[in-house]
Amino acid sequence: MILETVSTRRSGLRLALVVALLTAVADQISKWVILDHVMDPPRLVEVAPFFNLTLGFNRGVSFGFLGDGAAGPSLLSGLAVAIVIALGVWASRTNSRAEAGALGAVIGGAIGNVADRIRQGAVTDFLDLHAFGWHWPTFNVADIGITGGVGLLLLHGWLQGRRTPAAKGPQQACP
């Protein structure tokens with residue numbers, strides 16, 4: 001029984017690492033293609049009526065928060081590395097493949113964005129969704145991994161809470 005639990009947990013960590021690697025590699029390849037091929041020179045590429053490719057560099061966190069100081073990229077990279085380590089520990093302790101995969105997507109996205117901060121002092125963003133004159137802030141494949149992974153973790157937690165009888169509160173005995 002103990003060996004089965006250890007094996008299951010190791011498989012969770014392995015799955016998280018594979019998903020993290022795939023997410024980080026997809027992110028870095030997409031940024032390389034955008035920087036070296038599509039946006040050379042930088043321009044707006046209209047892909048669909050609601051979607052453009054446009055080059056941007058985010059020196060801060062979400063929406064540029066904390067992007068003004070010189071220590072910003074180092075501080076943010078250090079924080080991201082600490083979060084990646086904590087998520088890796090979580091992945092090593094989970095028995096759920098869904099949770100491990102979601103954690104891997106978040107880890108891979110964080111690694112992809114940290115690689116940008118270390119290499120160029122800012123995160124490369126290029127995906128631009130818009131509708132009715134409103135534009136969502138530009139984002140990238142790493143951001144999709146982070147957002148999708150967090151969304152899956154929330155959904156997984158919600159579904160687990162619905163399945164667990166203890167989550168429904170104290171049960172009354174039948175007369």
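Helices, taken as H or I runs of at least four residues, and strands, taken as E runs of at least two, are DSSP runs numbered from the N terminus. By this criterion, the chain of this predicted model contains 4 helices and 4 strands.

All 4 strands form an open sheet in which the order is S1-S2-S3-S4 and the pairing is antiparallel. Strand S1 (45–48) and strand S4 (134–135) are the edge strands, each of them pairing on one side only. Strands of a sheet pair through backbone hydrogen bonds, and such pairing may be parallel or antiparallel.

Within this sheet, strand S2, covering residues 51–58, is joined by 6 bridges to strand S3, covering residues 123–131, and the two run antiparallel. Glycine 56 has aspartate 125 in S3 as its bridge partner. Helix H3, which spans residues 97–120, packs on the sheet and touches both S2 and S3. The direction of helix H3 makes about 125 degrees with that of S3.

The remaining description concerns the chain as a whole. Of the contacts in the chain with a separation of 6 or more, 64% are accounted for by residues 24 or more positions apart. With buried taken as under 20% relative accessible area, buried residues make up 34% of the 175 residues in the chain. The chain exposes about 11000 Å², and carbon and sulfur atoms supply 68% of this area.

Note on methods
Residues are numbered from 1 along each chain as its sequence is written. This is a predicted model: local features need pLDDT of at least 70, side-chain atom pairs count only at pLDDT 80 or more; totals for chains, interfaces and linings use all residues. Side-chain values use heavy atoms; hydrogens and water are left out. Two strands pair if DSSP finds at least two bridges between them. Contact means heavy atoms within 4.5 Å. Axes are lines fitted to C-alpha atoms, for helices over the stretch in contact, and angles run from 0 to 180 degrees between N-to-C directions. Buried means under 20% relative accessible area, exposed over 50%, partly exposed in between (1.4 Å probe, protein chains only). Accessible areas come from the Shrake-Rupley method with a 1.4 Å probe; for residues, only the protein chains shown count as cover.
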